[in-house]
Amino acid sequence: MCSKNGDFSVTVTNEEVVAAMLPMQEHWLPLSNLDLLLPPLDVGVFFCYNNPILTPTTMEDCATNKITFGTMVGSLKKALAQTLISYYVLAGEVVLNNMGEPEVLCNNRGVDFVEAETDIELKNLNFHNPDQSIEGKFVPKKKNGVLAVQATSLKCGGIVVACSFDHRIADGYSANMFLTSWAEMAKPTKPTTMSPCFHRSLFTPRRPCSVPHSLHQMYTPISKLTPAQTATTPLFSRIYYVTAEKLDSMQALASGNGGKRTKLESVCALLWKMVARAASREGRGERTVAKVGVVVDGRRRLWKREKAKEAMMGSYFGNVLSIPFGEKVVEELMEKPLGFVADAVHELLAEATTEEHFLGLVDWVEGHRPEGGVARIYCDGSEGGKFVVSCGQRFLEGKMDFGWGKVVFGSFHFPWGGEAGYVMPMKSPLGNGDWVVYMHLTKEQLEVIECEASDVFRPITWDYLNPRPLS
């Protein structure tokens, strides 16, 4: 099989299934109420590595005294089989129960593992435009199961390791737990892996259920959805970087109203203004609104008064997410200063950063089962544009070393096909305080960002990822 796009091709050389190393008894794992808020959707992630340099801690091929693609793939598969013993849910498959709700059949069917090769060097990949360089090439299309993996050999001797996860089973925090454990397992040193927690009892609904009114504004039953009246505007993926200095200055500017705003709130505010600007350029009608949603992880919000449960939340594997959103008139977003918009982001986040919010969300889902629900930001129309920001600051924390060196570049890849745009800020692999920002937005929104915020959002290049030392 050959995948060709742009000016290079990727050829699949082998496909197999990697199962957990130890046999397990087949059993069912129900999804939590918070998992049930996710549609059947796959999330991709990829990591790029240079041609490996031998160190005392890396594996080597005895015949050639070099690390080869074969030895790297062998190490990946062995470590994956070991890691799946603890993360057995990723070796299962999603099936429907007698209520029509998805559950995981933990049967150790295994993980589809693809080996591939390409005729391009790492330095020549267009990281700024993953639609051209990544999509359909390096990130595998998951056909079965919960997780798919692809390892691709580059012309320069480098390697790209990529995965696709079923989002119903794992959020970004959970995916990061697994990836870190997998990388630790691949190294000859003794792993210090944290075992995942699958206790769905942490999200047992209360009796009686108690749902805050605000949740009815954030979520809606699937039966209440109305078909889109117009064709969906296509979205495009681009990756930028923001320097630490720009983040600091943007945060200072956003904090001008007295309250200190976070870097994430500041970036959300600037992007909200840019999306409004794009709507204005397109001549949308007066009083048109633009919307922003921000993904909130509830792990640090829950069970503060119950230490045993609080400890389990730190290793909980599954979805613990809520997506509050806000909307404002396009003209107001354009006219008001960054601090005003950042305050609005702060206010919408405050509503969802409490224990009561997440316990109420569990109860909201319970009240509608077996019918599913969805976050309104994804389905309610918005002529002024809408997008969701999900913070990936735990991603790429220097832990994705499989034994042949640190990550040169990595990113989530989420061209999900919905109406709402998607943005994920992550730490730069340079470890210098910069951010890498993945964006999946309309052509017009990206053009405005590149025109009016080009001093903040700069295209990712090989020169940025490999800065030359000062002479």
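What follows goes from the core to a helix, a strand and a surface patch. The model is predicted.

Start with the largest nonpolar core. It has 152 residues. Leu90, Phe178, Trp182, Met439 and Phe457 touch the most other members. Helix α6 gives the most to this core, with twelve residues.

Now turn to helix α9, residues 338-350. Its 13 residues reach 18 Å from first C-alpha to last, close to the 18 Å expected at 1.5 Å a residue. Its buried residues are Leu338, Gly339, Val341, Ala342, Asp343, Ala344, Val345, Leu348 and Leu349. Their cover includes helices α5, α6 and α8. Strands β12, β13 and β15 also contribute to that cover.

Next comes Met424, in strand β19 (residues 421-427). Met424 counts as buried because its relative accessibility is 4%, under the 20% cut-off. Val436 is twelve residues away in sequence, and the two C-alpha atoms are 8.3 Å apart. Met424 is in contact with Val436, and also with Ser390, Gly392, Phe412, Val437 and Tyr438, leaving aside neighbours within four places in sequence.

Finish on the surface. Met21, Leu22 and Ile85 form a nonpolar patch there, with about 260 Å² of accessible area together. Leu22 sits in the loop between β2 (8-18) and β3 (27-30). Its relative accessibility is 48%, so Leu22 counts as partly exposed.

Technical notes: Residues numbered from 1 in each chain as written. Predicted model: local features only at pLDDT ≥ 70, side-chain atom pairs only at ≥ 80, totals over all residues. Heavy atoms only, no water. Helix = DSSP H or I, 4+ residues; strand = E, 2+ residues; numbered from the N terminus. Expected span 1.5 Å × (residues − 1). Buried < 20%, exposed > 50% of the residue type's maximum accessible area, 1.4 Å probe, protein only. Contact = heavy atoms within 4.5 Å. Core = buried A, V, L, I, M, F, W, Y, C linked by side-chain atoms within 4.5 Å. Patch = residues over 30% accessible without salt bridge, like charges linked within 9 Å, V, L, I, M, F, W, Y side chains within 5 Å. Areas by Shrake-Rupley, 256 points an atom, 1.4 Å probe, with all protein chains shown as cover. Salt bridge = Lys/Arg side-chain N within 4 Å of Asp/Glu carboxyl O.
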